[in-house]
Amino acid sequence: MKRLLMCLIALIMSLCTVSVSAAEGGMGWDGENSILVTVTVDADKDFAPEDFSEIDCIGVTVAGKKIDDNGYTYDLILQIDTEKYDLIEALEAVSENPVVTKAIRNVYDYLDPILVLSSTEHTIRIGESYNVDIVLFDTYNSNHFYYGIAFTVDPEKVDLSAADENTFGFDFIPVMAECSNRDLYDALYSGYDAAGLLGEKFGVSPINRYYTMVSEFGVGGEDAYRIIEALNGVLYSNGVIAAEPVHMEFPCARMPSEQWTINEPAVAEMTLSGGSPVGIPENLIGQTATVKGLSIGKATVRLSANDNSQGASATCEINVINSGDANGDGYLDNLDAALVLKYDAGLNEMTDEIQGVSDMNGDSIVDNLDAVIMLKYDAGLL
Ligand SMILES: [Ca+2]
Ligand SMILES: [Ca+2]
């Protein structure tokens with residue numbers, strides 16, 4: 001029931017629109033040229049690039065601001081000069097700044113899904129098997145869903161009893177008052193009248209904290225800029241003294257899946273094993289594809305993996321060569337190549353069967369070219 005509810009809420013949220021002039025990446029930072037730092041200072045402050053001279057900072061964007069007994073804590077996106085620093089060097093350098101309490105990769109990055117297999121190409125002999133494993137499958141959606149902004153108002157600056165959704169100078173909808181200790185997640189997750197909750201009229205919160213929706217599913221690409229753009233707008237609005245993005249994850253949206261295929265089943269056969277079931281027993285992820293060479297040729301193993309709306313695919317080219325086991329010891333090595341070279345030089349005989357397994361390039365002749373392929377295989381060069 002709860003999953004169905006969350007799906008419904010997700011659908012409703014996906015229909016919410018944003019009336020903000022999105023920068024569409026115009027703020028200058030992206031996933032490759034920025035880092036996220038947390039800074040604690042005594043007083044309210046406007047940050048400038050000069051505050052982070054350790055990295056020759058070229059841009060600062062506020063991604064969050066909180067106030068507590070320790071002072072003001074900001075989350076800042078620092079744009080770095082990638083000609084001078086890579087991300088890791090920048091993180092180390094900016095950590096030396098006395099006001100920086102935490103420096104990490106920018107979590108508002110758009111992170112492309114990454115799918116890595118144990119190999120992108122591999123050569124096997126007829127009859128030989130090879131395991132293709134998933135080394136890494138990472139998506140943005142698996143970790144982050146941002147939907148809105150929580151902001152705190154200074155009641156000295158705003159007459160909350162007369163406030164409505166237009167009071168603060170931004171018009172994201174709907175605005176919800178936080179009237180208890182529940183956060184956005186709890187408010188939505190425990191509420192069965194999802195549409196009613198989202199449309200709740202602006203009320204007075206005893207803790208002066210409110211929520212406004214920004215948008216829909218996930219943050220990535222332009223959505224990331226949109227959230228931060230909106231956050232900056234909220235932070236500099238009338239009476240707002242703190243603001244942060246709020247996020248939640250939808251269990252119903254987390255259904256990773258994977259599909260393995262091979263395009264030339266006559267060249268190599270594929271068998272799947274292992275993996276963990278997700279959601280339904282037949283939905284396995286993290287499987288191993290064992291490929292066995294059947295005939296000389298090339299076959300492509302392809303994995304398409306998905307997690308929610310983000311997916312990636314990766315391939316492993318399987319090159320199947322002849323068995324090449326001229327001496328019949330089960331291996332293909334320089335001893336077999338030696339036999340082929342002797343045969344090519346007229347120094348020994350070969351049965352038709354042995355010639356059949358020794359013709360590595362498939363030209364129906366057993367000669368030094370086949371020996372070269374054998375030696376390359378033995379040396380790991382194929
Ligand atoms: Ca052999
Ligand atoms: Ca040949």
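Because the model is predicted, local features are drawn from residues with pLDDT of at least 70 and side-chain atom pairs count only at pLDDT 80 or more, whereas totals for chains, interfaces and linings use all residues. Residues are numbered from 1 along each chain as its sequence is written, while chains are lettered from A and ligands numbered from 1 in the order in which they are written.

The predictor's confidence in each residue, pLDDT, runs from 0 to 100; its mean over the chain is 79, with 73% of the residues reaching 70 or more. Two stretches call for care: pLDDT stays under 50 over residues 189-199, for which the model has 13 contacts beyond four places in sequence, and also over residues 216-221, for which it has 20 such contacts, a contact being two residues whose C-beta atoms, placed from the backbone, lie within 7 Å. Where pLDDT is low, the predicted coordinates should not be read in detail.

The chain holds eight helices and 17 strands, taken as DSSP runs (helices H or I of at least four residues, strands E of at least two) and numbered from the N terminus. Of its 382 residues, 31% count as buried, a label that requires 20 or more other C-beta atoms within 10 Å of a residue's own, with 12 or fewer counting as exposed and anything in between as partly exposed, all C-beta atoms being placed from the backbone. Among contacts between residues at least 6 apart in sequence, 73% join residues at least 24 apart.

V246, in strand β12 (residues 240-247), is partly exposed because it has 19 other C-beta atoms within 10 Å. V246 lies 95 residues from F151 in sequence, yet the two are 9.7 Å apart in space, C-alpha to C-alpha.

Turning to the helices, the axes of α6 (residues 334-344) and α8 (residues 368-378) come within 9 Å and cross at roughly 170°, so α6 is roughly antiparallel to α8, a term for angles over 145 degrees. The contact is made by N334, D336, A337, V340, L341 and D344 of α6 together with N368, D370, A371, M374, L375 and D378 of α8.

Within α6, the buried residues are D336, A337, L339, V340 and Y343; they cover an arc of only 155° around the axis, and therefore lie on the same side of α6. What covers them includes α7 (352-358) and α8. Just after α6, G346 takes a positive phi of about 75°.

Key
Axes are lines fitted to C-alpha atoms, for helices over the stretch in contact, and angles run from 0 to 180 degrees between N-to-C directions. Angles under 35 degrees count as roughly parallel, over 145 as roughly antiparallel, 65 to 115 as roughly perpendicular and the rest as oblique. The arc is that of the directions from the helix axis to the C-beta atoms.
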